[in-house]
Amino acid sequence: MAIVHFSSTLTRHTGGLHQITMDAPRVHELLEALVARFPGLAYELEHLAVAIDGEVRPDAAYEALTSQSEIYFVPKIAGGFN
Amino acid sequence: MSERIFTAVGTRPVRHDGVDKVTGRANYGADLSLPGMLHGVVVRSPHAHARIRSIDTQAAAAVPGVKGILTGKDFALTNAKLGLGEGAMDLKDMSDNLLAREKALYHGHAVAAVVATSVTAAQEAARLVQVDYDVLEPVLSVDRAMEADAPILHESMVTQAHPAVEPAGSTNVAGRMELKRGDIEAGFKEADIIVERVFRTPTSHQGYIEPHACVVRVNEDGRINIWTTTQGPFLVRDATAAILGLDAANLKVTPSEIGGGFGGKIPVYLEPLAVLLARMTQRPVKMVMTRDEVFRASGPTSATKVRLKMGARKDGTIVAASASLYYEAGAYRGSPSGAGAMCMLAPYSVPNFFIEAYDVVVNKPKVAAYRAPGSPMAALATESVIDEIAQTLGLDQIEMRLQNAVKEGDRAPYGPPYGPIGFRQVLEAVRNSAHWKSPVAPGIGRGLACGFWFNAGMSSSATVTLGSDGSAAVVTGNPDIGGTRVAQAQMVAEELGIPVERVRPIVADTDTAGFTEITAGSRTCYATGMAVIDASRDVREQLRGRAAKIWGVPLDETRWEHGSVAPVNPSAERTALTVSELASKLAKTGGPIIGHAAVNPPMAGPAFAAHICDLEVDRETGRSRVVRYTAIQDAGKAVHPSYVEGQMQGGASQGIGWALNEEYIYSANGVMENAGFLDYRMPVASDLPMIDTIIVEVPHPAHPYGVRGVGEVPIVPPLGAVANAMSHATGLRFTELPLSPPRVLERITQGS
Amino acid sequence: MSKLHIETLVNGEPVEFLCAPDETLLSALRNGLGLTGTKEGCGTGDCGACSVIMNDRLVASCLVLAAEAQGASVTTVEGIAQGEALHPLQQAFLDEAALQCGICTPGFIVASKALLDMHPDPSEQQVRYWLAGNLCRCTGYDKIVRAVLGAAAKMRSAQA
Amino acid sequence: MHTQRFVAPLTVVEALRFIETEPGAAILAGGTDLLVQYQGGIRRPTAFVDVKRIPELMRIAADADGVTIGAGVPAADIAAHPAVRTWWPGLVEAVCLIGSTQIQSRGSLGGNLCNASPAADSTCSLIVNKAVAIVAGSNGERQVPVEHFATAPGKTLLQPGELLVAIRLPKPVAHTADAYQRLIPRSEMDIAVASAAVSVTLDASGVCTSARVAIGAVAPTALLVPDAADALVGSVLGAAALSTAAAAASAAARPIDDKRGPAAYRRTVVGVLTKRVAAIAAARAKEQ
């Protein structure tokens with residue numbers, strides 16, 4: 001079960017939940033499951049990058065998750081360019 | 001991570017491209033000429049904000065030597081977006097920026113392009129292009145842009161907000177984002193001291209010495225060759241293809257040597273125009289910007305307004321912060337305000353905060369990246385307010401920062417927890433530095449400031465080929481702006497155990513190199529470096545196979561030992577074979593060896609820096625001089641320490657210039673009045689002291705050597721370091737840059 | 001517009017070229033003679049990238065008309081090394097990592113040579129003021145100043 | 001239109017003949033202003049007249065009564081001249097501030113005067129040292145005190161067909177010295193935001209017997225400020241006299257706001273500079 005953290009700006013779409021655990025083999029499936037459960041997240045997640053265990057990944061969709069994976073959603077910054 | 005003993009990494013070899021660069025042989029953007037080449041010149045708007053009614057090119061076309069004229073009508077705006085790493089680039093905006101269609105959105109905005117047999121003829125014709133403008137009121141500040149009655153730059157603009165908000169009519173606010181944690185009201189209630197100030201920084205330019213330049217040739221088969229000075233040849237290829245609706249496979253981009261970029265040579269300004277002109281005339285076309293054009297029509301960085309309120313306990317513990325960041329994007333959306341928001345409190349553990357960041361369009365050139373985009377202006381606010389709190393509470397500047405400094409496991413303000421980071425080590429290095437320990441001379445102010453930058457990862461490729469003489473060539477697609485060739489050669493040398501002089505690093509064109517993202521984001525040594533290391537290890541694996549073949553043993557009975565392959569079970573016949581020995585037998589053992597690698601690593605480990613500035617102020621004239629300066633930074637691992645120091649020194653001096661004198665000076669009607677090196681006052685050699693450096697090395701675990709990026713974070717601390725030094729020298733708080741003599745004298749005279 | 005025929009000495013070699021009356025020496029060197037080592041950063045004499053030595057004087061070639069070079073002797077960055085041997089300044093720039101992007105380097109090499117030709121033992125301050133007309137945006141000047149001082153010391157000890 | 005002709009006359013007469021027949025021609029000395037203006041499209045002369053092959057314009061001649069400096073002599077040569085260095089250290093300071101090393105190889109006093117920028121570094125020093133411009137025309141030569149040479153930014157007393165040949169500086173009397181300073185934001189490469197030159201003559205007891213003060217970049221032309229000089233004369237150049245002179249310089253200034261600095265700032269700073277250079281000039285005069 002990956003641990004998913006929601007920032008304060010996202011909690012308005014999660015019914016106030018700051019953290020949930022979720023079973024997903026990869027980021028791709030995780031995002032699908034999240035949006036299914038919290039439809040309001042769809043727009044936000046589209047514009048956020050994913051941090052897996054502290055590592056910010058720009059192209060994370062097919063990254064595998066483990067039961068210990070900690071997930072954060074991070075504003076997309078343009079690393080060094082914009 | 002166990003301590004690794006390096007042989008090539010960490011040394012200071014002479015760069016491979018050095019001889020060409022000290023003898024004048026190296027070719028930069030404007031250095032190529034082709035037979036039959038024509039010259040293109042851009043016609044630019046004399047108004048900061050104007051509707052284009054019509055363009056009459058008849059008189060211009062009649063100038064002898066003129067071969068063609070291009071206006072916005074000649075290519076359609078595309079709706080495509082180009083995914084580039086994390087940021088999708090809006091090609092419609094980029095296309096409109098290349099040649100204005102409906103409106104000219106800043107003074108210097110391109111409206112037409114002329115191509116002729118000489119620069120002189122093209123310039124003459126450009127003057128004769130008649131544009132009928134309906135002149136509109138220009139919007140020149142975020143304050144004006146956000147007023148209810150402000151002229152609107154883009155009628156269709158909708159605020160892109162995170163969290164989402166309902167669109168509310170026409171706006172110049174292109175974007176808004178929030179970051180928050182905890183309960184800021186409760187946090188401020190815990191505070192014994194609250195400081196709130198508003199900071200302003202001006203539009204400033206990267207100031208690279210080489211103007212934008214390119215040459216384009218269209219071949220008979222439709223293949224298009226672009227030679228250009230750019231931070232990203234693949235980006236030039238893909239953006240040009242998308243904007244013009246061409247097949248990228250038909251474009252080949254060859255990067256020239258690049259005379260500085262600092263982020264400013266990421267966008268395309270000339271290349272698509274030159275392609276169109278070359279197709280129109282079926283002749284090679286060269287386009288070179290003048291310095292005036294570089295200032296007016298490339299991409300400087302945002303002017304900003306940043307409000308920061310911070311509360312702390314008597315012991316210096318920061319308990320709450322709230323901030324609003326307003327960054328000018330220039331004529332099209334895309335300021336680095338979001339990055340500013342994320343960096344602003346990144347060095348400190350703040351339990352309760354609320355940050356909002358606005359991206360605001362104004363009638364100025366569209367901003368481009370500039371070294372740690374967005375972070376320096378935000379750090380100015382944070383570091384000035386912390387300085388003031390420490391001063392007011394009578395706390396030591398380093399102790400207060402150490403007390404709040406983030407460490408491994410602390411959550412970054414933008415969400416995830418930090419891995420191993422070096423901020424505390426950086427602060428300790430400040431405390432132990434000769435500079436910090438030295439007494440502050442009378443009449444001098446000493447300022448300290450810190451800074452944070454993410455450092456990018458993203459896609460990179462590398463090829464390493466082994467020659468039969470045991471030398472190696474490494475091919476990548478990253479233009480070398482500051483010594484990345486030699487660093488990559490060091491990595492190959494490190495992995496293969498051969499001398500760095502035996503490695504030839506090559507920056508290749510887009511047909512030759514595997515796809516590689518731009519030289520930016522402090523990523524070249526990190527991400528492309530990882531590809532280079534992996535490609536070298538691929539060569540090593542193949543060499544093991546060759547040794548196995550020679551010895552007639554299975555692969556697993558061989559192992560790599562620095563610079564050679566050794567048998568797991570040595571015997572008289574089977575002794576270790578060096579790379580050179582194996583290389584001499586390549587043909588016999590299966591042919592040439594080429595190692596490949598392609599990577600897309602996560603973002604590099606965050607980099608932290610701290611700078612110390614001693615400033616002397618002439619209280620009668622407001623003029624100041626930096627008399628001593630030290631830059632301290634966590635590099636993870638310095639591959640070539642001289643070029644790491646160089647990045648630190650260069651970033652420091654750019655930041656000093658930004659803090660003291662550099663600014664775009666605008667007239668009321670939006671014309672930049674100082675578009676030249678005479679009056680856009682970048683530091684000259686006599687303005688600066690030696691810039692001392694201290695490299696801290698806290699390895700980044702995701703990189704085989706521990707490398708973090710180094711190129712950007714050094715420009716983050718200087719604004720605050722200089723402003724804090726000025727405050728300590730004068731006893732006054734300074735919140736508006738630049739700290740030019742008139743501004744400083746005015747404050748001293750007011751004495752408040 | 002009729003072109004002027006100019007005869008001059010460039011890097012010790014007699015050369016002839018045609019130029020327009022308003023053409024700069026910089027343009028004649030780069031476009032007429034193919035000597036693209038001399039760079040254009042501003043065209044207004046403010047950056048020093050186009051520095052050449054003309055009749056023993058350091059000048060900004062963007063602010064010299066090509067026609068003025070009639071009968072003159074011009075040294076560009078291409079004329080600083082002696083055959084295969086780099087000038088001590090060039091070697092010092094490499095050893096000290098005194099260049100990053102390298103676009104300003106030819107101007108700095110030429111300007112520094114003019115300095116050392118006149119003042120073989122300059123102070124740090126002399127170096128900084130002499131080179132104030134040469135902009136570098138990458139290095140913060142630190143390693144450039146060290147390279148010039150280092151080369152000067154080497155050249156003096158070679159003389160002694 | 002682009003400039004169509006380039007000529008390099010060898011004598012003053014030849015130069016005069018050319019500019020008489022071609023009124024649109026521009027005199028090219030160091031080119032450090034002219035060529036910048038040309039590239040910027042601000043000036044489009046019909047011809048360039050390179051005067052650097054005319055001996056009178058390119059030599060420095062010292063005699064018992066003073067020095068004559070050819071209008072085309074580059075700043076670097078002036079700063080290196082022994083007589084100039086001995087008699088006018090302030091003028092040397094000024095010419096050493098004309099741009100970079102590269103610019104000093106070319107920029108000249110003639111160019112500085114004819115370009116008629118109120119911020120020209122050499123002008124104030126020439127004024128306080130009673131320099132006279134020697135102007136040649138078809139009707140012969142005339143002499144114009146430097147303080148009258150410029151009439152407005154970019155405008156001079158030169159009539160069509162006239163050529164500035166040289167600047168004559170009378171040898172200073174004993175115990176006379178000058179000094180010059182300007183305020184620029186950087187340490188080099190900027191145009192003066194304000195500037196001041198002072199020349200003082202002291203008697204044996206250190207009392208100032210005569211003085212001249214000129215200020216630059218604070219009015220349409222460089223200004224001679226008699227009130228500031230009067231404040232110095234009769235004093236031993238103590239703090240009070242210097243303050244009065246500073247106030248007089250500030251009062252005489254008629255600055256404008258522009259990209260290089262606000263008017264109020266220039267007014268203040270020109271006083272500060274006046275005070276400082278007067279003190280330096282006095283110290284130099286005492287050393288003699």
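Tutor: Contact here means heavy atoms within 4.5 Å. Counted in that way on this predicted model, the contact between chain A and chain B takes 25 residues from chain A and 43 residues from chain B.

Student: How is the area buried between chain A and chain B found, and what is its value?

Tutor: Buried area is the accessible area that two parts lose on being put together, summed over both. For chain A and chain B that area is about 2800 Å², and carbon and sulfur atoms give 64% of it.

Student: How many salt bridges and polar contacts are there between chain A and chain B?

Tutor: The count of salt bridges between chain A and chain B is 0, while 3 residue pairs are found in polar contact across that interface, both residues of each being at pLDDT 80 or more. On the side of chain A that touches chain B, the elements giving two or more residues are H1, H3, E3 (48-52), E4 (55-57) and E5 (70-75) of chain A, and E5(A) gives the most, with 4 residues. By class, this side of chain A has 12 nonpolar, 7 polar and 6 charged residues.

Student: What is in contact between chain B and chain C, and what area is buried there?

Tutor: On chain B 51 residues are in contact with 41 residues of chain C, and the area buried between these chains is about 3800 Å², with carbon and sulfur atoms giving 59%. B:Val22, B:Ile209 and B:Met690 supply 20% of the area that chain B buries against chain C, which is more than any other three residues.

Student: Why is the pair of B:Asp31 and C:Arg30 called a salt bridge?

Tutor: The label requires a side-chain nitrogen of Lys or Arg within 4 Å of a carboxyl oxygen of Asp or Glu. The closest N and O atoms of B:Asp31 and C:Arg30 are 2.7 Å apart, so the pair meets that limit. The count between chain B and chain C is 4 salt bridges, and 23 residue pairs across this interface are in polar contact, both residues of each being at pLDDT 80 or more. H19(B) gives the most to the side of chain B that touches chain C, with 9 residues; by class, that side has 25 nonpolar, 18 polar and 8 charged residues.

Student: What makes the pair of A:Phe6 and A:Phe38 edge-to-face?

Tutor: Over all chains the count comes to 22 aromatic pairs. For A:Phe6 and A:Phe38 the ring centres are 6.0 Å apart, within the 6.5 Å limit for a pair, and the planes stand at 85 degrees, over the 60 that the label requires, so the pair is edge-to-face. A:Phe6 lies in the loop between E1 (2-5) and H1 (8-11) of chain A, and A:Phe38 in the loop between H2 (27-37) and H3 (41-46), so the pair ties together parts that are 32 residues apart in sequence. Both A:Phe6 and A:Phe38 are buried.

Student: How do you know that the pair of B:Phe6 and B:Tyr705 links distant parts of the chain?

Tutor: B:Phe6 and B:Tyr705 form an edge-to-face pair, 5.3 Å centre to centre with 80 degrees between the planes. B:Phe6 is in the segment before H1 of chain B and B:Tyr705 is in the loop between E29 and H20 (718-730), 699 residues apart. Both B:Phe6 and B:Tyr705 are buried.

Terms used: Residues numbered from 1 in each chain as written. Chains lettered and ligands numbered in written order. Predicted model: local features only at pLDDT ≥ 70, side-chain atom pairs only at ≥ 80, totals over all residues. Heavy atoms only, no water. Buried area = accessible area lost by both parts, 1.4 Å probe. Polar contact = N/O pair within 3.5 Å; in protein donor to acceptor, adjacent residues only side chain to side chain. Nonpolar A, V, L, I, M, F, W, Y, C, P; charged D, E, K, R; others polar. Phe/Tyr/Trp six-rings, centres within 6.5 Å; stacked < 30°, edge-to-face > 60°. Buried < 20%, exposed > 50% of the residue type's maximum accessible area, 1.4 Å probe, protein only.
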